[in-house]
Amino acid sequence: MDVGQGDIVTIVGKNGSGKTTLTRILSTLVTPERGEAIVCGFDVVREPRQVRKRIGVLLNAGMGGFHARLSGKENLEYYGALYQIPQKEAGERIKALLADLELQDRGADQFQSYSTGMRRRLALARALLPNAPVVLLDEPTLGVDPWSTEQVHKLLLGLVSEGKTIFCTTNNMSEAKTLGKHVFLLDEGKLSPISQSEVMAS
Amino acid sequence: MEQVLVIFKRELKVKASYRLTAVVTVISALSGLFSYAFLGNGAVVSTTTTTYGMSLAAFLVSGVAFGSIVSSGVSMFTEYAGPSQIEEVMVSPTDFRLFILSSSLLSLLIGLAITGIMFLSGVMLFNLIYSYNLSLLVAMVMLGIFSSIGLGLIGLGFQIVYKQTYFLSWLLYSFTGLVGNMIVPVQILPGVLQSLAYVTPQYYFFTGIRVALGSNVATATSLLVTFTGYTLILLLIGFASLNWALRSVRQNGTHAWS
């Protein structure tokens with residue numbers, strides 16, 4: 001499968017079909033048993049550090065890694081440091097992302113007070129914080145309400161129009177339909193492209 | 001009542017599945033018992049005075065106070081690589097080793113501060129008399145910190161792969177509490193346990209601290225050389241263990257386990 005710059009690719013598949021594993025391979029977390037994955041020209045196994053400099057990742061368990069007693073903003077500032085973003089630049093991006101994801105009023109609140117959907121949106125903000133050319137999203141709207149989901153979709157499509165490449169997995173066919181110019185079905189380890197009409201039919 | 005029984009049975013099943021933990025708990029309890037039994041064996045006071053050149057109180061205070069530096073050891077990094085955090089760090093461009101070391105810096109400083117406070121309180125409250133070799137003391141403290149980092153990295157590798165560090169913690173701290181020369185002078189232990197003491201980093205740390213505080217139980221140079229070598233080996237094993245653990249979880253995908 002080849003994904004060009006500025007494309008958005010959606011992977012659908014049953015539970016256990018390997019969507020998360022595929023995201024984890026692309027994000028250098030898991031070494032593939034066979035085959036090759038190249039991100040921005042860098043091999044995920046041989047050049048993982050180069051890959052990590054060019055990706056933003058929302059993992060399926062992406063609500064994790066936030067400290068319960070720090071605010072959403074403080075948590076993002078911490079990840080800004082891990083993503084090696086200069087403090088001032090990180091501050092500006094965090095402000096913009098919190099607004100884009102409708103969290104600006106809750107940015108100063110402790111993470112433990114966030115609802116499931118808010119936590120997921122904060123995790124998405126973390127994935128977008130490095131402003132990376134490639135964004136890997138594993139079920140980005142899991143647990144997010146329909147109104148915020150729409151907002152997330154708008155944000156992602158906006159990023160694609162800016163030239164970002166988005167790789168997204170989902171169980172939600174409606175999401176695949178909204179996001180997917182290119183939709184693939186992952187089944188028993190095999191990826192097959194599916195058309196919009198097939199997506200709509202399912 | 002039925003509900004209580006079901007919950008009880010479930011807990012029993014869970015606990016029974018951790019057989020090693022159960023064995024370790026029993027041996028830890030026995031180890032603690034032995035520590036104090038040896039201590040109370042009558043010869044302790046004369047041992048610390050004649051062998052270490054310091055009173056029993058001075059011996060114990062130096063052991064307990066400086067114990068803060070090496071007490072976290074194996075588990076010193078585990079809180080920073082919990083199941084919910086490790087993946088998020090590993091997908092960032094920050095080197096995992098750098099992340100771990102910088103995250104634990106504050107804890108290390110707190111450990112040092114606690115040591116200082118405990119030691120000074122002990123000295124002032126009990127009028128303890130030491131003769132200070134400050135440069136050796138600083139060197140021993142530094143080696144203690146670096147050996148702890150080595151042990152911490154080994155523990156972290158163990159946690160990442162096996163998802164627990166209890167066994168290692170026990171092995172290195174509960175057990176070596178008996179033979180580590182922290183509270184029980186090695187010289188009053190039976191021969192077999194004395195031999196075991198020489199393979200624990202704690203033995204070199206606590207003996208070195210006592211020498212820096214005026215004891216002539218060993219020569220400073222030989223302690224420094226041995227402990228430096230030991231620390232370097234621990235650091236090498238630690239980094240190798242962490243690298244192996246990271247490779248291992250990348251292969252089987254078990255970074256997060258809850």
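Here are a few questions and answers on a sheet in chain A and a helix pair in chain B of this predicted model.

Student: Which strands are the edge strands of the open sheet in chain A?
Tutor: Happy to walk through that one. The open sheet has six strands in the order S4-S5-S6-S1-S7-S8, with mixed pairing. An edge strand pairs on one side only, and in chain A that leaves strand S4 (55-58) and strand S8 (190-194).

Student: In which sense do S4(A) and strand S5 of chain A pair?
Tutor: Start with a residue you can find in the structure: A:Gly56 stands opposite A:Val135 in S5(A). S5 covers residues 134-138, and four bridges link S4(A) to this strand; the sense is parallel.

Student: At about what angle does helix H1 of chain A run to S6(A)?
Tutor: Helix H1 (residues 19-26) lies across S1, S4, S5, S6, S7 and S8 of chain A. Its direction relative to strand S6 (165-170) is about 155°.

Student: Are H8(B) and H11(B) roughly parallel or roughly antiparallel to each other?
Tutor: Two packed helices are described by the angle between their axes and the distance between the axes. Helix H8 (residues 134-162) and helix H11 (residues 201-212) of chain B have axes 9 Å apart and pack at an angle of about 165°. Angles over 145 degrees count as roughly antiparallel. The two helices are therefore roughly antiparallel.

Student: How many nonpolar residues are in the contact of H8(B) with H11(B)?
Tutor: On the H8(B) side, the residues include B:Leu137, B:Met140 and B:Gly144, while H11(B) brings B:Tyr204, B:Phe205 and B:Gly208 among others. The contact has no charged residues and two polar ones, and the nonpolar ones number eleven.

Methods. Residues are numbered from 1 along each chain as its sequence is written. Chains are lettered from A and ligands numbered from 1 in the order in which they are written. This is a predicted model: local features need pLDDT of at least 70, side-chain atom pairs count only at pLDDT 80 or more; totals for chains, interfaces and linings use all residues. Side-chain values use heavy atoms; hydrogens and water are left out. Two strands pair if DSSP finds at least two bridges between them. Contact means heavy atoms within 4.5 Å. Axes are lines fitted to C-alpha atoms, for helices over the stretch in contact, and angles run from 0 to 180 degrees between N-to-C directions. Angles under 35 degrees count as roughly parallel, over 145 as roughly antiparallel, 65 to 115 as roughly perpendicular and the rest as oblique. Ala, Val, Leu, Ile, Met, Phe, Trp, Tyr, Cys and Pro count as nonpolar, Asp, Glu, Lys and Arg as charged, and the others, Gly among them, as polar.
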